[in-house]
Amino acid sequence: MHQNKTRLTAAEIASLWTSYMNDSMARCVLGFMLKHLEDKEIKGVVQYAYDLASGHLKKLVKFYKQDELALPDGFSDNDVYMGAPWLFSDIFCLTYVNHMARTGLIAYGGFLSMSSREDICDYYTKGLYETSVLYNKSNRTALKKGLLARHPYIETPNVTEYIDTKNYLSGLNPLANKRPLNAIEISHLYMNVMTNAMGVNLSLSFAQTSPSKEVSDFMLRGAEIANKHIKIFSDILLQNDIPTPRLPDVSVSNSVTKTFSDKLVMFHMSLISAAGTGNYATAAAASQRSDLAMNYERLSIEIAKYAKTGADIMIKHHWMEKPPGTKDRKKLASSKKGS
């Protein structure tokens with residue numbers, strides 16, 4: 001390592017490792033999508049996303065080399081089977097990119113906030129901007145094609161009000177009338193319906209193309225959980241006369257040919273499970289009605305149990321790459337004594 005180079009912090013090492021894993025996975029999925037896309041406008045958005053992931057990987061490799069870090073295995077061309085039949089509809093591909101861009105905005109914001117070295121901060125600042133451009137591109141394309149699931153409208157408030165009773169925070173008593181949802185609560189319920197809908201279709205596509213019964217069963221369980229959560233959130237919206245999201249037809253084909261490696265699809269599900277847990281935590285903190293917060297906490301536990309099952313499967317088959325960490329000092333000391 002260069003003597004005048006500021007050492008990477010644990011947070012920066014973690015951010016670079018996570019970025020490499022995510023971008024190497026995204027490059028495989030997006031590359032497969034590009035091969036089968038027919039709509040030119042949608043293909044342009046997916047191509048932009050693919051180019052971003054490829055460019056990010058090149059920059060990340062430079063960081064790893066200059067700081068003499070062990071490069072993760074991540075994912076490569078060996079994890080995608082380009083000869084497989086088409087799996088995702090064009091609309092699914094656009095919706096997928098929009099969803100992953102939204103997740104990327106949160107991730108890059110977090111990476112930037114944890115970084116302090118100038119070159120790392122510059123990298124994530126640019127990455128945040130590039131991901132913003134991607135998100136806006138996908139949004140504009142979806143809007144133009146009538147595919148954008150927009151959040152519902154509410155009456156425009158013309159006076160400022162204050163909460164004057166603690167009952168505003170209640171909601172657990174099944175015998176008491178619950179107050180109407182506020183705009184913050186509506187936005188989180190709506191968003192979580194849409195993200196779970198993406199999870200359903202992604203899970204089903206992975207389930208039908210994996211040659212492993214164990215992986216397929218895990219994916220089907222994921223789709224079942226996501227559908228259950230969609231119903232819970234949708235019912236709350238309907239009880240408050242709020243329409244549920246009008247989701248585009250993001251169907252997948254009937255292909256049962258292996259398309260991605262089991263290692264990749266299991267990692268992908270762990271990624272969206274983690275994102276879902278984060279979404280629920282944010283929603284619980286922002287929701288002032290107690291029944292909503294309790295729902296998010298309860299459903300988060302269900303996701304955590306599902307994610308644990310996925311981690312067990314990945315460890316069993318040696319698919320889970322170990323993040324960088326410190327040495328076990330007690331283990332080192334014990335081995336020294338025994339020698």
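Which residue lies over the face of Tyr 48? I looked it up: Lys 137 does, at 5.2 Å from the ring centre. My rule for a charge over a ring is NZ of Lys or CZ of Arg within 6 Å of the ring centre and within 35 degrees of the ring normal.

**Ground rules.** I am working on a predicted model, where local features need pLDDT of at least 70, side-chain atom pairs count only at pLDDT 80 or more, and totals for chains, interfaces and linings use all residues. Residues are numbered from 1 along each chain as its sequence is written, and side-chain values use heavy atoms, with hydrogens and water left out.

**Another charge over a ring.** I then checked Arg 179. Its charged end sits over the ring of Tyr 168, 3.8 Å from the centre.

**The core.** I looked for nonpolar cores, meaning sets of buried Ala, Val, Leu, Ile, Met, Phe, Trp, Tyr and Cys residues joined through side-chain atoms within 4.5 Å. Buried means under 20% relative accessible area, exposed over 50%, and partly exposed in between (1.4 Å probe, protein chains only). The largest core has 66 residues, and Tyr 96 and Phe 260 have the most contacts inside it. Helix 1 (10–36) is among the elements that give two or more residues. I noted that helix 1 gives the most, 12 residues. Helices here are DSSP runs (H or I, at least four residues; strands are E, at least two), numbered from the N terminus. I also found a second, separate core of 25 residues, which includes Leu 181 and Ile 230.

**Tyr 96.** What does Tyr 96 touch? Not counting residues up to four places away in sequence, I listed Met 25, Val 29, Leu 30, Met 33, Met 198, Leu 202 and His 268. Contact means heavy atoms within 4.5 Å.

**Ring pairs.** Rings of Phe, Tyr and Trp (its six-membered ring) pair if their centres lie within 6.5 Å; planes under 30 degrees apart are stacked, over 60 edge-to-face, and the rest tilted. I got 16 aromatic pairs by this rule. Phe 88 and Phe 92 are stacked, at 4.7 Å centre to centre with 5 degrees between the planes. Phe 88 is buried at 5% relative accessible area, and Phe 92 is buried at 0%. Tyr 108 and Phe 111 are edge-to-face, because their planes stand at 85 degrees, with centres 6.3 Å apart. These two are 3 residues apart in helix 3, so about one helical turn separates them. Tyr 108 is buried at 8%, and Phe 111 at 11%.

**Last entry.** I traced a cluster linked by ring pairs: Phe 32, Phe 88, Phe 92, Tyr 96, Phe 206 and Phe 260.
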